[in-house]
Each structure stands twice: as C-alpha cells, then as structure tokens.
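The exercises below are meant to be worked through with the sequence and the model side by side. Try each task before reading the solution that follows.

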Amino acid sequence: MGPFVIIFLAIVLVIIFCNVVIVPQANEYVIELLGKYHTTWSAGLHVKIPLIERISKKITLKEQVLDSPPQPVITKDNVTMQIDTVVYFRVYDSKLYTYGAVNPIGALENLTATTLRNLVGELELDGTLTSRDTINEKMTAILDEATDQWGIKVSRVELKNIIPPQEIQNAMEKQMKAERDRRETLLQAEGHKAAAITRAEGDKQAMILSAEGERDARIARAEGEAKAVFLAKQAEAQGIELLKAAGADPAVLELKRYEALIKLADGRAAKIVVPTDVVNAISRDVLFSEASGLGDTTAPDNTPTPKTVKPDPCCD
C-alpha cells in the first residue's frame, strides 16, 4: 500500500472523527443544510456531513431563570417604585427559539418590563403591595402567550422586590407603628376589663359562699338546740315513765311536777301564773307548800298581842 493511500485514509478518518457529534442529555442542536434548517438533533450520537451541514445553535431544555434588575414603575396614584422580577421559563421548541427572534432572552426581558408597567399602572400603591399573587398570575399568562412564537414556555413569574420611595416607607412605618400602638392599647384595655370582671365574680362568689356558710351554721346550731331540748324532754319523760313503772304513788309524781315548776323559776325574780286548781292542789300538799312557800294563802296576822297586866297588890 502506497504512502498516498495511507495519507488519504488518515485524512478520511480525521474528517469522520471531527464530524462525530455527541449531544448531551437535556440539550438539542439545530442543524442547517447549506444554510437552511435541516433537522434538530436530540441527545445521543450523531454524524455531521462535512462542509454541507453545520450546527446552527446549541439549546438547553432545562428550566432557566431570568432575573431582571430593578426598574422604575409608576402606580395609578403617581407613586414611583422600584420593582424587580424573576421569570422561570424553558425552551420547548428549538427551531422556533432559533429562528423566532434574534435575541429571545433579551426580548423576554423587555416584554417582562413592559407588561409589569402596564399591570402596576392600573393599581394604586396599596393595591400593588397587597396584590402580588394577582400580578404574578396575570404576568405569567401574558408572557406565556406572547412567547409561544419564540418556542419559550413561561412557567411562572415572581415579583422579587417592591421598593417604594423613602418618604413612602417612612409614612408606612409610622402607620404601622400607630396600628401596633392601637392594638397594644386595645389589648391592655381588654386585659383590664377581663381582670375587673374576674375580680368581681370572685368577690361575688366569696360573698355567696360566706352567706351559705353562715346559713348552714345557723341551721346546724338550731338543729343542735332543738335536738338538745328534745333529748332533755325525752329524758324527763323517760324518768316519769320509770317512776310509773316502779310503782310510785301519785304524791311522788305530783312532787316531780312541782320540782319542774321550781326549776322553771330557776331562782330568778320571775312571776309564774298558776291556775287556781293547781294552787288548790299545792295547798293540799303540805310538804311542797312548806318547801316552796306556794299555796299558803293565809294572810299574816298583824294584830298586836295584848299585854298581860299584873294586878297591883297595893290597890287590890
């Protein structure tokens, strides 16, 4: 084999080796044939025809993040704020992404800025600060529809920062401080009210319990006194029954009744009203009359005793 053949084979192998292309995972290559779109290579091994085919663009299919710098946006009430956005997107059609726009990323960035200005311009300051989710949803829908012709799929849009002017920030801080002071005052008033109610309820409950305790004590004392009187009367009745059972004569029983009358007086200056029949019975009972002094109805004799005159012997 001559040297020319060896050189030719070596040149062919080098050309083939240089035109073998391996496309990585999650990537696509756009191939042009003689300056015209030919095909799109997906992940894997491919061989390019030298001098005829060329790789026009290498595209990643992974989700990408477009972080836009803060830009001035004017609200409906003429407040200028600095807002920056974050756009999450991915390429779903490599051909449209390659031939749809000269600079798809720059076009998406500018479209994001203009859409944001349009949406925020319809809202006031408070609405802008409290409507992040609404703005995000509207921007995602608008950008996704507008970038279909560029082969881009916008998955979501987030407002990263909303920076109002410094004087607006100071006013908002004062308003927030006033609101917190109001809440603190309200909470303190509610706490004092609850404490006063609790104390009043406690005093009321204490008074009720004290009254109930005093009532129960009076009832217990009254029941004790009644029980003591009942037991005394029961003991006296039992004594009389025992006397009757022992065969005591009527005089003894009558004496016991008189002793009860004496105890009733209890040695004090008391007047006892005794019926006439009782007085007569007492008068008949000499023993009791002498012991108590009752029943002696004989008026004391106050007539002076006449003096005995001795006879005078000289005159007789």
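**Exercise 1.** How many residues does helix H3 have, and what distance does H3 reach from its first C-alpha to its last?

*Solution.* Before starting, note that this is a predicted model, in which local features need pLDDT of at least 70 and side-chain atom pairs count only at pLDDT 80 or more, while totals for chains, interfaces and linings use all residues. Residues are numbered from 1 along each chain as its sequence is written, and side-chain values use heavy atoms, with hydrogens and water left out.

Step 1: helices (H or I, at least four residues) and strands (E, at least two) are DSSP runs numbered from the N terminus, and H3 covers residues 104–120, which gives 17 residues. Step 2: the expected span of a helix is 1.5 Å times one less than its number of residues, and the 24 Å that H3 reaches is close to the 24 Å expected. Step 3: buried means under 20% relative accessible area, exposed over 50%, and partly exposed in between, with a 1.4 Å probe and protein chains only; the buried residues of H3 include Leu108, Leu116, Leu119 and Val120.

**Exercise 2.** Find the residues that are linked with Glu179 in a network of salt bridges.

*Solution.* Step 1: a salt bridge is a side-chain nitrogen of Lys or Arg within 4 Å of a carboxyl oxygen of Asp or Glu, and by this rule the count comes to eight salt bridges. Step 2: Glu179 pairs with Arg182, their closest N and O atoms being 2.5 Å apart, and Arg183 also forms a salt bridge with Glu179, at 3.3 Å. Step 3: the network therefore links Glu179, Arg182 and Arg183.

Step 2: Glu179 and Arg182 both lie in helix H6 (residues 166–245), three residues apart, whereas Arg183 and Glu179 are four residues apart in H6, about one helical turn. An α-helix has 3.6 residues a turn, so residues three or four places apart point the same way. Step 5: Glu179 is partly exposed at 28%, and Arg182 is partly exposed at 46%.

**Exercise 3.** Classify the aromatic pair formed by Tyr37 and Tyr99.

*Solution.* Step 1: rings of Phe, Tyr and Trp (its six-membered ring) pair if their centres lie within 6.5 Å, and planes under 30 degrees apart count as stacked, over 60 as edge-to-face and the rest as tilted. Step 2: by this rule the count comes to one aromatic pair. The centres of the Tyr37 and Tyr99 rings are 6.0 Å apart and their planes lie at 80°, so the pair is edge-to-face. Step 3: the pair links distant parts of the chain, with Tyr37 in strand E3 (residues 36–41) and Tyr99 in helix H2 (residues 94–99), 62 residues apart. Step 4: Tyr37 is partly exposed at a relative accessible area of 28%, and Tyr99 is partly exposed at 39%.
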